[in-house]
Amino acid sequence: MSRRRIHLAAHFPGVNNTTVWTDPAAGSQIDFSSFEHFARTAERGFFDYLFLAEGLRLREHRGRLHDLDVAGRPNTLAILTALAAVTEHIGLVGTLNTTFNEPYELARQLGTLDLLSNGRAGWNAVTSSDAFHGANFRRGGYLDHADRYVRASEFAALSKALWSSWRDDAITADAETGEFLRDDAIARVRHESRLFDVDAVFDVPRSPQGRPVIVQAGDSPDGRDFATQHADVIFSLHTEFADAQQFYCDVKGRLAAHGRDEDSLKILPAATFVLGDTAAEARERSREIALAQVRPQTAITYLEQIWNRDFSGYDADGPLPDVEPDTGVETAQGFAGRHAAIRARVDQLRAQAAAEKLSIRELVIRLTAKHTFVGTPEHVASEIDRYVQERATDGFTVVGHVTPHGLDEFADRVVPLLQERGSYRRSYDEGATLHGLLGLPPVAQEAAAR
């Protein structure tokens, strides 16, 4: 029986408190040299693709930028386009929002990247409905929360129709006959709904892979339905083995309703790692890294976002505040109407802290800085392989904690062990597109939903 192939993506750090910018080994999160080093390391490790997260606004708390983020978010498409010129094989995936973009223009930008990179582009399609991010755009926070996946689904269907509107053999460029395009080379795309009204002749030919790979990161029922209808990859948060198996079974089980099979959608959860020469050394490193990721102010800020109260007078190494949350105004976690959800979350955190005897900081470490794989390289390789062979995942999106060298140790010490197991590639197939690297089926011509 053949072994299942492990698929790996590489997440460039710099969003949330994963990144330890205070580490002596940390470099710039905005210099191109950092992105280039990261991309070359991922390609050296034969990863399927590198992945850039994106935030449309630096997060604030009580009017101040806080240390959950590294400040500075250069434009995703600009970075990926530059990286296409210094890499040869690895896929290039960026996070781009379906709420604050328009289908034609975004499809054109991604289609251009896909064409220029010879079929290596991917799009992590995310949604947003909050006024905090919307304040950067003239529509503000107009989109109802319930409509975010309605818009996203139409956005994805329309984008796919635009990418598919060119025939693969559209360009003849026959100097003798004077024909450059076939008569039926490009199909006009018409789409009219309450959200979009498009009548377009797309101006970017199809790439060797047909269209960019679509990645999706939502976990709600609507998010799962969107993924099984439109996505090629899911970037999930399910990393505990039993939970990951359950998620895998649920999502893959939804595919048949859309005429898809198990291999047409890959599930690659985010995974952090800490290596050591011994298990004890790895555990100690993990604790040191977690403490650097969750500094006292980070822990206090995390609670303040949920409680919507000022906890600046509390000790991060002390117990949770014995006060009720203020649910009367909009908070960073949601809207005023979500009183019950906020209170339920507070109750859940109190119960966890009490059961495990955790301080504020220890609780936030559990919630935001618990490392997925901790141990020797042999242990980590074994666990990654187990998850894939036993159908808990198709692989992982690997997240390091230092920019730009966070992937180096994984590529040098874990990847060779995965190769020895016979479940990870030893080279790239020449001319492979991102669809090909992921083992996805060929892209069919896709029409817009009307």
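Author: Gladly! Strands S11 and S12 (residues 233-234) run parallel and are joined by two bridges; strands here are DSSP runs of E with at least two residues, helices are runs of H or I with at least four, and both are numbered from the N terminus. Two strands count as paired if DSSP finds at least two bridges between them. Within this pairing, Val215 stands opposite Val233 in S12. To get from S11 to S12 the chain passes through helix H6 (residues 221-230), a β-α-β crossover that is right-handed, that is, with the strands pointing away from the viewer, the path from the first strand over the helix to the second runs clockwise.

S11 also pairs with strand S6 (residues 121-126), in the parallel sense and over four bridges. There, Asn124 is the residue opposite Val215 in S11.

As for the side chains of S11 (residues 213-216), Val213 and Val215 point one way, Ile214 and Gln216 the other, and all are buried, meaning under 20% relative accessible area, where over 50% is exposed and in between is partly exposed (1.4 Å probe, protein chains only).

A word on the model: it is predicted, so local features need pLDDT of at least 70 and side-chain atom pairs count only at pLDDT 80 or more, while totals for chains, interfaces and linings use all residues. Residues are numbered from 1 along each chain as its sequence is written, and side-chain values use heavy atoms, with hydrogens and water left out. The protein's mean pLDDT (the predictor's confidence in each residue, from 0 to 100) is 91, with 93% of its residues at 70 or more.
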